[in-house]
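Hi everyone, thanks for coming. Please have a look at the sequence and the fold on the screen, and then I'll walk you through it.

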Amino acid sequence: MKICQRCGRKYTDDNMFCETCGARLTPQIQSQDMQDNFPAPEKKNAMHPLIYLIPVAAAIVLVALLFLFWAKLPFSSKEDGVKKTSQQGEESPVEGEGSEEKKDSSQTATEKEGKKEQDEGQEPEGSQKGKEAKEDYADAQINGVDNAYVQVAGTVAKENGILVLKLEKPASVCAYDAEDKIAQKESVGAFELDGDGMEEYLGSKVVIKGKLAADIAGDFSIQAVGVEVKQQAFGEGASPGAHRYQLIRDDVSWQEAFSDCVSRGGFLAQINSEEEYDAVTALIEEEGMQNVHFYLGGRRDAYSQEYYWVDAWDSFVGEPLNPEGQSWAAGHWMENEPSFTSEGDMELYMNLVHYQENWVLNDVPADITVYYPGKTGYICEFDE
C-alpha cells in the first residue's frame, strides 16, 4: 500500500506517482488500527498567489480617489484644501487655482503681444491712445498749445462790461490753462481780451495776434501783441454811404427782427452819428413809412439802465446811449424817456419813431405788436 503524503490518496504498490497532485508516492506500512486512529488528511484546494494582490490594488485605488476628490465630498471641512503648500513652500489657494493659472496665462500672452508689437516697431495700445489724444487737440482750428502766438479775426465788443473779441464764426480751440493742462473746446465764439488799450478798437473788425490762454473753467482769453484794423467802427465822422439799409414792415418781436437781419447777412441797425441818423430817417420818409415804429439794434441788460448798440452776436458795442451820456444820441430821446418800464412791462429795447413831427428814440418792450398792430417794423443794416 502506498499513500500520497500530499493529498492522502491511497494507491496500490504498482503506482509511483499520485494521479491527483502528481507527488511521488511513498510505501507505507500501516496497521488497521493505525489507519483507524489516524484517518487520511482532508483534501485541500491550491490557490494562485495573484489572488492576494487584488484587495491590495483595490485599497490603493480607493485611497487615491479619496485624495483627489476629498474637497468635493459633502462631509469634508471647508478649511481642508483652501490652501496647499507648493514644493517651494509657498501657499496658494486651491479653489479657483485653474482660473488664476488661466489669468496668468492670459496676462503673459498680453505681455508677449505687447512685446511683439514693440519688436515690430508698433506702439502699444496705451501709447496709441496718447497719440490719438495729441492729434485730437492738434487738429484744433486755433491751437495755442503748439503755437506760442495765434492770429484770430473778429469784432471787438463788450459783454457785461468786459471787452471780448467776437470771432467771425465759432471755432475749435485749445490752449494751456493756469495748471499747464490742455483745455479744449469744439466751438468757441469769443475770447476775452486781456490787456490795456483795447477800448479804442470797440466796434471795429480786427485781426489780433496774441498769446492764447485758458482759465480753470476752460474759458479762453487772448493777450494781444499786435492789432490790425480791418474795418473801423462806424462812428462820428464816418461816411453813412459805407452801409446799406433795408426797411421791413412786419408784426414781429424785437428778437425775431434781430434774428431775421442776421439771417439776411446783416444786423439790426445801429446809428452812430448825426449824419447817419439823418440818412436813415430820410430813407424812411422817402418810403412813406413815418407811421411805422421801427426796432433798432439797441438794448440794455435787465440789471442795468444803460443802453448800447449790439452787433450780429447780440454783444454790446460802443458807448452808452442814454440822455445823460456823452453820445451823439443823448439829445434824440423822446421826452421823459427812457422810462425802463411801461404798464408793468420791462422795456429793454430801443426803437425809432416819428413823434410830433420829429424822429425820436424810445425804449420799448420785447414785443410792441400788441400796441401797434400793422405798424411795427425794423431796419436791417448791411456792410458794403
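Predicted model: local features only at pLDDT ≥ 70, side-chain atom pairs only at ≥ 80, totals over all residues.

Residues are numbered from 1 along each chain as its sequence is written, and side-chain values use heavy atoms, with hydrogens and water left out.

Back to the cysteines. The sulfur atoms of Cys261 and Cys380 are 2.0 Å apart, and a disulfide here is a pair of cysteine sulfur atoms within 2.5 Å. How many disulfides does a search of the whole structure find? It finds one. Cysteine 261 lies in helix α5 (residues 254-263) and cysteine 380 in strand β21 (residues 376-383), so the pair ties together parts that are 119 residues apart in sequence. For those names, helices (H or I, at least four residues) and strands (E, at least two) are DSSP runs, numbered from the N terminus. Are the two cysteines buried or exposed? Cysteine 261 is buried at 0% relative accessibility, and cysteine 380 is buried with a relative accessible area of 0%. Buried means under 20% relative accessible area, exposed over 50%, and partly exposed in between (1.4 Å probe, protein chains only). Cysteine 174 also counts as buried, at 0%.

Now the interior. In soluble globular proteins, nonpolar side chains tend to be buried together. I'm calling a nonpolar core a set of buried Ala, Val, Leu, Ile, Met, Phe, Trp, Tyr and Cys residues joined through side-chain atoms within 4.5 Å. The largest one has 26 residues, and those with the most contacts inside it are Ile284, Leu296, Leu352, Leu361 and Ile379. Elements giving two or more residues to this core include α6 (274-286) and β14 (293-299). Helix α6 provides the largest share, three residues. Apart from this core lies another, of 23 residues, among them Ile142 and Phe220. If you zoom in on Ile284, its partners include Leu247, Phe294, Trp359 and Ile379, leaving out residues up to four places away in sequence. A contact means heavy atoms within 4.5 Å.

On to the aromatics. Rings of Phe, Tyr and Trp (its six-membered ring) pair if their centres lie within 6.5 Å; planes under 30 degrees apart count as stacked, over 60 as edge-to-face and the rest as tilted. By this rule there are eight aromatic pairs. In one of them, the rings of Tyr307 and Trp333 have centres 5.5 Å apart and planes at 55°, so the pair is tilted. Both Tyr307 and Trp333 are buried. Elsewhere, ring pairs link Trp254, Phe258 and Tyr349 into a cluster.

Finally, confidence. pLDDT is the predictor's confidence in each residue, from 0 to 100. The protein averages 77, and 71% of the residues score at least 70.
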